[in-house]
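Let's take a walk through the inside of this protein together. Have the sequence and the structure open as you read.

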Amino acid sequence: MIPESSLLNAQQRNAADALIASLDASQQAWLSGYLSALAGSGSSAAPANVLVLYGTESGNSEGLADKTAKAVKKNGGKPTLKNMSDLKPSDLAKYDAILTIVSTWGEGDPPEGAETFHKAFMSEAVDLKGISFSVCALGDTSYDKFCQTGKEFDARFEALGAERVADRVDCDLDFDDDYDAWAKAALDKVCTSSGAAAPLVELAPAVEYSKKNPFPSEVLEHVLLNGEGTAKETIHIEFDLTGSGLNYEVGDALAVVPTNCDQVVTEILVATGLDADAKVTVKGLDETTLANALTTQLDITALSKSIVKKYNALANADELTTLLTDDAKAQLKDWLWGRQIIDLVENFKVTDLDAQAFVNVLRKLPPRLYSIASSPKAHEGEVHLTVAAVRYNSHGKDRKGVASTYIVDEAKTGEKVSVYVHQNKNFRLPEATETPVIMVGPGTGIAPFRAFIEERSETGNQGGSWLFFGDQRYQFDFLYQLELQEHLKSGALSKIDVAFSRDQPEKVYVQHRMLERAQELYQWLEKGAHFYVCGDATRMANDVHNALIEIVQTAGGKSLEDATAYIDQLKKDKRYQRDVY
């Protein structure tokens with residue numbers, strides 16, 4: 001019996017006495033333990049059932065989601081890690097909290113694997129009342145619709161009744177610090193092992209060298225792949241990974257940390273009138289000179305609305321102010337096209353510009369991800385890339401890509417280049433070597449397929465492999481021609497179709513070769529082939545996608561609707577994978 005001196009009133013004591021009297025000994029013991037657990041855990045009752053939901057294109061969101069799920073577990077929650085491609089909006093209602101990490105692709109689109117879920121989530125009426133949520137959005141400030149997909153998810157969760165427990169964070173390419181702040185804020189709210197979650201546990205890196213500590217790799221080979229007379233400049237470069245602890249699989253990317261061209265740095269210093277030796281600090285880094293910051297730490301070329309807006313806070317230029325209005329989005333896009341930061345500082349001078357204020361306008365220099373062009377089984381301790389130099393003229397100035405020309409011009413044999421491996425789990429060979437593969441990779445898009453073919457050479461190619469390759473001219477631009485011919489002889493490569501666009505009056509591209517082989521290509525798909533595309537996202541990838549739909553229509557005798565559904569199913573089954581940029 002509960003004594004009268006207890007904190008319970010008479011009615012509560014009677015109810016408690018009745019409950020206790022109705023329980024057997026084991027039930028009473030369980031109740032005692034339950035009440036003790038409640039007393040010892042403050043306001044917490046049970047670990048939160050937390051969904052860590054991600055949508056990814058290049059693997060960044062997936063990597064952060066995996067880290068988040070592990071941190072949820074370490075902080076007392078019950079995590080479930082899910083790709084948006086693997087669930088429906090109606091599945092969300094069974095969780096206590098949803099932490100979403102999603103990237104934005106191109107001009108405001110969701111990642112390809114998240115398209116179906118995104119469309120359904122934005123249209124279906126799912127009741128999410130009582131569920132906590134927070135969104136971490138990944139993006140690139142060089143695009144106008146920065147983090148658009150994350151913003152859409154954030155607004156939609158709220159509209160469906162979920163409770164935002166930590167503000168959305170919009171992350172640029174240099175996302176580590178912003179992600180850590182978001183994760184700590186979100187975990188403090190959704191994990192219930194104690195009154196508040198413990199600090200976010202930093203997971204030990206699998207290797208000594210990583211994104212935060214790139215490996216200084218020596219260049220072993222630096223070879224021009226194009227022949228004399230070409231209009232292109234494509235380099236095959238080999239890096240030494242000995243002693244790095246870095247491992248990769250075919251389909252992964254290698255991140256190269258470049259430095260800016262000395263000429264561009266000088267032009268910026270002259271245009272701004274700033275002292276190269278002025279002391280400045282870039283967020284998260286030690287104090288250094290302005291010249292060093294502009295060379296090794298800051299992006300001093302890519303021009304975006306965000307950069308213009310920050311710079312105009314210093315310049316207060318009427319023309320820029322007009323371009324930044326909501327009514328002038330099209331005019332701003334036209335003005336930005338082909339221009340770089342040097343154009344901004346030359347055309348809109350700032351009187352008495354402060355070095356630190358200028359540094360605060362710029363973003364950190366991002367690494368460049370390149371599809372790995374080698375199999376670790378074929379080249380132990382090495383990693384290879386295929387890199388095309390980007391050089392062009394616009395608005396009367398010669399321009400060049402930061403990373404590509406750094407590799408081509410500066411990363412000569414014997415030099416050291418800072419690198420790390422970036423996993424891409426969404427671009428993998430099928431585990432079974434009996435599964436056929438179809439690879440479409442014009443230009444430098446051949447890089448991962450060189451790796452795929454080398455891997456099949458080492459492990460076996462029972463299922464068959466078919467490559468579609470294209471470039472400008474057969475005589476000058478048939479990248480890795482001799483290697484591919486050897487792989488055809490050995491059987492590591494079963495078929496190859498090539499398209500050299502400038503060798504005849506009419507332009508011929510890889511999608512045209514696909515259409516010419518429509519019946520056989522469709523038969524390969526019907527036999528379970530996996531279909532891969534690598535290269536330009538703007539035009540080539542769309543043209544290949546449309547050709548694939550047409551092939552399924554004509555060779556498969558399907559309607560446009562059914563052919564589109566067929567391709568969508570290939571994506572869901574992870575038999576249609578793209579590595580496009």
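## A buried asparagine

Why does Asn-461 count as buried? Its relative accessibility is 14%, and the buried class covers values under 20%, so Asn-461 belongs there. Please keep in mind that this is a predicted model.

Setting aside neighbours within four places in sequence, the residues in contact with Asn-461 are Thr-433, Arg-456, Gly-491, Ala-492, Leu-493 and Ser-494.

## The largest nonpolar core

Next, have a look at the largest nonpolar core, which holds 38 residues. Which of its members touch the most others? They are Leu-290, Leu-294, Tyr-311, Leu-320, Trp-335, Leu-344 and Phe-358. At least two residues of this core come from each of the helices α7 (262-272), α8 (290-297), α9 (305-315), α10 (318-323), α11 (329-336), α12 (341-347) and α13 (355-361). The largest share, 5 residues, is supplied by α7.

## Two buried leucines

Leu-362 sits in the loop between α13 and β12 (368-371). With a relative accessible area of 8%, Leu-362 is buried. Beyond residues up to four places away in sequence, Leu-362 touches Leu-294, Leu-298, Asp-299, Ile-300, Ile-307 and Ile-341. The C-alpha atoms of Leu-362 and Thr-301 are separated by 9.5 Å, although these residues are 61 residues apart along the chain.

Leu-336 belongs to helix α11. Is Leu-336 buried or exposed? Its relative accessibility is 16%, so Leu-336 counts as buried. Leaving out residues up to four places away in sequence, Leu-336 touches Leu-303, Ser-304, Lys-305 and Val-308. Leu-336 and Leu-303 are 33 residues apart along the chain, and their C-alpha atoms are separated by 6.8 Å.

## Aromatic rings

How many aromatic pairs are there? The count comes to 22. One of them joins Phe-117 and Phe-121, which are stacked at 5.7 Å centre to centre with 10° between the planes. Phe-117 and Phe-121 are 4 residues apart in helix α4 (residues 115-123), so about one helical turn separates them. Both Phe-117 and Phe-121 are buried.

For an edge-to-face pair, turn to Tyr-209 and Phe-215, at 4.9 Å centre to centre and 65° between the planes. Both Tyr-209 and Phe-215 are buried. Ring pairs also link Phe-117, Phe-121, Phe-133, Phe-153 and Phe-157 into a cluster.

## Charges over rings

Which rings have a charged end sitting over them? One is the ring of Phe-175, where the charged end of Lys-211 sits 3.5 Å from the ring centre. Another is the ring of Tyr-370, where the charged end of Arg-368 sits 4.3 Å from the centre.

Terms used. Residues numbered from 1 in each chain as written. Predicted model: local features only at pLDDT ≥ 70, side-chain atom pairs only at ≥ 80, totals over all residues. Heavy atoms only, no water. Phe/Tyr/Trp six-rings, centres within 6.5 Å; stacked < 30°, edge-to-face > 60°. Buried < 20%, exposed > 50% of the residue type's maximum accessible area, 1.4 Å probe, protein only. Lys NZ or Arg CZ within 6 Å of the ring centre and 35° of its normal. Contact = heavy atoms within 4.5 Å. Core = buried A, V, L, I, M, F, W, Y, C linked by side-chain atoms within 4.5 Å.
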